[in-house]
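Biologist: Let's go through this model together, one piece at a time.

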Amino acid sequence: MSILNVCVIGHSYIRRLRDYGMQTETDNLSLDPEVFKVSFRGKGGLRLSKRVFRSEILHFDSIPDVVFLQIGENDICENTNSEKLARDIISVGQYLRDGVGVKVVIIGQLIRRMQFASCQNFNVFVVQTNEHLKRFAEPLGGIYFWGHRGFWKDFHYLGPDGVHLLCTPAEDQPMRKFRRSIRNAVILHSKVLRPPLCHPKREPGEMMWQLEDYHQQHHQLQ
């Protein structure tokens, strides 16, 4: 059975996730290396409108089987059209699927920020864009919207800058939660590419509700 190549693409959240994985020896998203090979392409301040996004970030010498895409937050400003932003993100997914040849594209939901660190209606635009993304992705084969559970009740998951996930030696739960969310998304949606794994392995410290979230999204897809 061949190993599935997974590429996680996005802004500084992904760059920081890669660094966190290297520090904690979870740089393969705690996935079985005999089943998945994970790489990261994260760039701080990345926007859809930047030329570097398509010329470098979306250029592959070896085409991945699965891409997880976390982008869009840096494109939001006071005059953002959330529907257009969602369509632009979806178009990236379609380019990866139809132009590059990626079999499975997963689009992560946009994540809110503290008010002082963003434009006035940033979080309103985030919610609207996520709603559009979910609606636009539903009829598309091979392109899926993924909701990150646990980032909506309050802002306790954010660090002092009000933008990035809290990740310190004393408290790294938000980053672990983000990693597990992407991990579950990859496990679930890669099932279309090979015989299903009966159950995802539970990594050390993983709570049962996180596995239940995986199975709940799996049930919704079926």
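This is a predicted model: local features need pLDDT of at least 70, side-chain atom pairs count only at pLDDT 80 or more; totals for chains, interfaces and linings use all residues.

Biologist: How far does helix 1 reach?
Modeller: Its 13 residues reach 18 Å from the first C-alpha to the last, close to the 18 Å expected at 1.5 Å a residue (the expected span is 1.5 Å times one less than the number of residues).

Biologist: And which residues of helix 1 are buried?
Modeller: They are Ser12, Tyr13, Ile14, Leu17, Tyr20 and Gly21, where buried means under 20% relative accessible area, exposed over 50% and partly exposed in between, with a 1.4 Å probe and protein chains only. What covers them includes strand 1, strand 2, strand 3 and helix 5, with contact meaning heavy atoms within 4.5 Å.

Biologist: At what angle do helix 1 and helix 5 cross?
Modeller: The axes of helix 1 (residues 12-24) and helix 5 (residues 173-189) come within 11 Å and cross at roughly 100 degrees. Axes are lines fitted to C-alpha atoms, for helices over the stretch in contact, and angles run from 0 to 180 degrees between N-to-C directions. The two helices are therefore roughly perpendicular to each other, a label for angles of 65 to 115 degrees, where under 35 is roughly parallel, over 145 roughly antiparallel and the rest oblique.

Biologist: Which residues meet there?
Modeller: Tyr13, Ile14, Arg16, Leu17, Tyr20 and Thr24 in helix 1 meet Met175, Arg176, Phe178, Arg179 and Ile182 in helix 5. They divide into seven nonpolar, one polar and three charged.

Biologist: Switching to the sheet, what is the strand order?
Modeller: It is an open sheet of five strands in the order 2-1-3-4-5, with parallel pairing, where two strands pair if DSSP finds at least two bridges between them. The edge strands are strand 2 (36-42) and strand 5, since each pairs on one side only, and the twist averages 20 degrees from one strand to the next.

Biologist: How many bridges join strand 4 to strand 5?
Modeller: Four bridges join these strands, which run parallel, and Val105 has Ile143 in strand 5 as its bridge partner.

Biologist: Which strands does helix 4 lie across?
Modeller: Helix 4 lies across strand 4 and strand 5, running at about 150 degrees to strand 5. What covers the buried residues of helix 4 includes helix 3 (82-100), strand 4 (104-108) and strand 5 (143-146).

Biologist: Is His132 buried or exposed?
Modeller: His132, which is in helix 4 (residues 122-137), counts as buried because its relative accessibility is 17%. Not counting residues up to four places away in sequence, His132 touches Ser82, Glu83 and Ala86.

Biologist: Last one, where is Thr168?
Modeller: Thr168 lies in the loop between strand 5 and helix 5, and at 34% relative accessibility it counts as partly exposed. The C-alpha atoms of Thr168 and Tyr20 are separated by 9.9 Å, although these residues are 148 residues apart along the chain.

How values were computed:
Residues are numbered from 1 along each chain as its sequence is written. Side-chain values use heavy atoms; hydrogens and water are left out. Ala, Val, Leu, Ile, Met, Phe, Trp, Tyr, Cys and Pro count as nonpolar, Asp, Glu, Lys and Arg as charged, and the others, Gly among them, as polar.
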